[in-house]
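Take the sequence and the model below together.

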Amino acid sequence: MSFFSLASACSSLGVKSLSLTVQLGFHSNENNGFPGAFLSSPKKTKIKKFSIACSSSIADPLLVKAARGEPVSRPPAWMMRQAGRYMAVYRKLAEKHQSFRRRSETTDLIVEISLQPWEAFRPDGVIIFSDILTPLPAFGVPFDIEDVRGPVIQSPIRSDDGLKSLHPIDLEKLHFVGESLKILRQEVGGHAAVLGFVGAPWTIATYIVEGGTTRTYTTIKSMCHTAPNLLRTLLSHLTKTISEYIIYQVESGAHCIQIFDSWGGQLPPDMWEQWSKPYITEIVSLVRSKCPNTPLVLYINGNGGLLERMKGTGVDVIGLDWTVDMADGRKRLGSDISVQGNVDPAYLFSPLPAVTEEIQRVVKCAGPRGHILNLGHGVLVGTPEEAVAHFFEVTKSLKYDSSFQNHAVEESKLVV
């Protein structure tokens, strides 16, 4: 094997440095078309009755350790939207079960879809196939999903009368989420972290107020000034229900929870500070009181102007989108919090050597502790499965130099 040094892309990093050993190429595996990425599928198991406490385990998966900032041998990796339309096996299933609500609210289908990328690529995190709007009917907000328009809420809440339809979350109506997480926990064992997720109060409120998706957010943004008490009441209710939903997911088997404030980036920073941050902070506090050892990840699309404010919520991990340079993000956030991301999803359409180089760059910039490798957003439709396989294979070939795990150096080095 030949070795050569790559110039550091992050010499200005003000965090602990990184030394990695990378083995280029793939491990042999003759059972698939993508070398080294597809392993044998786990056998299906029936649900067994068991309870999972909100506590840490000696055998925590790699991703959980990295989320907590503990020393790990390499960066763990998963992808947002790693189960979905870019996979042929998913498209085939979707042809048979054409309703998204059916696919995301039926236990057997949830488990099957969630495990499709696990069976294909063996990521370090297996996220439940669901949607941030899934819990809405359980607290009084019915919705539909139309092929063209997407999510549609027939009765948006824009008045005090609209608030009367809200009620405490009925977790029995979300039994399929709990059942699926239990099965996923059994299926992956200790080989990967099972990930749950929720939408943040502001993001969920945008759908409830606007009546569906929007490009302008004018109705809810104007409500901040025309009906602030109404909006605060809605956000407070969502805070409580989302907190209970997170705890339910953890008790059902989720190792880690990601909070998606997907549309928080549509707010100016000072408005996000007022209309989103306090409610996320309260969620973190409520969940920590019940599940103190469960890592919480916060992701906002378009978060370049919010990083320091995001850190103030108290979450364990900040997800960076691809518009933030990882070196800059790490410098701004410091080394006392973990980061996630942030390869541009479009890189997966590039030649594989370019994908390899970008993975190496991002990992170097993130530093040797507290980094979960991910995309800066979800996997794009049409992404070649070969590129996804390559992403995970390269990540698994990375090795942190243990001598750098607990010592700061001025410049990170990557050895290939």
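Buried means under 20% relative accessible area, exposed means over 50%, and partly exposed lies in between (1.4 Å probe, protein chains only). Arg101, at a relative accessible area of 22%, is therefore partly exposed. This is a predicted model: local features need pLDDT of at least 70, side-chain atom pairs count only at pLDDT 80 or more, and totals for chains, interfaces and linings use all residues. Residues are numbered from 1 along each chain as its sequence is written, and side-chain values use heavy atoms, with hydrogens and water left out.

Start with the whole chain. The protein chain has 416 residues, of which 56% count as buried. The chain holds 15 helices and 13 strands. These are DSSP runs (helices H or I, at least four residues; strands E, at least two), numbered from the N terminus. The accessible surface comes to about 17,500 Å², and 51% of it belongs to carbon and sulfur atoms. That area comes from the Shrake-Rupley method with a 1.4 Å probe; for residues, only the protein chains shown count as cover.

Next, look at helix H7, residues 201-210. Here 10 of the 10 residues are buried, so the helix is largely enclosed by the rest of the structure. Trp202, Tyr207 and Glu210 are among them. Just after H7, Gly211 takes a positive phi of about 90°.

Now the largest pocket. A pocket is found on a 1 Å grid over the protein atoms alone, as an open set of points where a 1.4 Å probe fits, with protein on both sides within 12 Å along at least five of seven lines; lining residues have an atom within 4 Å of a point. The largest one contains about 1,500 Å³ of space. That volume is the space filled by probe spheres set on the points, which are joined across faces, edges and corners. Of its 42 lining residues, Arg81, Arg85, Phe100, Ser130 and Asp131 are the closest to the centre. Helices H2 (88-96) and H3 (100-104) and strands E4 (144-146) and E5 (150-152) each give two or more residues to the lining. The lining divides into 22 nonpolar, 11 polar and nine charged residues. In this count, Ala, Val, Leu, Ile, Met, Phe, Trp, Tyr, Cys and Pro are nonpolar, Asp, Glu, Lys and Arg are charged, and the others, Gly among them, are polar.

Which residue pairs form salt bridges? The search of the whole structure finds 14 (a side-chain nitrogen of Lys or Arg within 4 Å of a carboxyl oxygen of Asp or Glu). Arg101 pairs with Glu105, with the closest N and O atoms 2.4 Å apart. Arg309 pairs with Glu273 at 2.8 Å. This pair links distant parts of the chain, helix H12 (307-311) and helix H10 (269-275), 36 residues apart. Asp60 meets Arg68 at 2.6 Å. Asp60 is buried at 11%, whereas Arg68 is partly exposed at 28%. Asp60, Arg68 and Glu70 are linked in a network of salt bridges.

Finish with the backbone. Most residues other than glycine have a negative phi, and most peptide bonds are trans. Arg81 has a positive phi, near 60°. Arg81 sits in the loop between helix H1 (62-67) and H2, and is exposed at 51%. Arg122 also has a positive phi, near 55°, but is buried at 14%. The peptide bond from Gly341 to Asn342 is cis, with omega near -10°.
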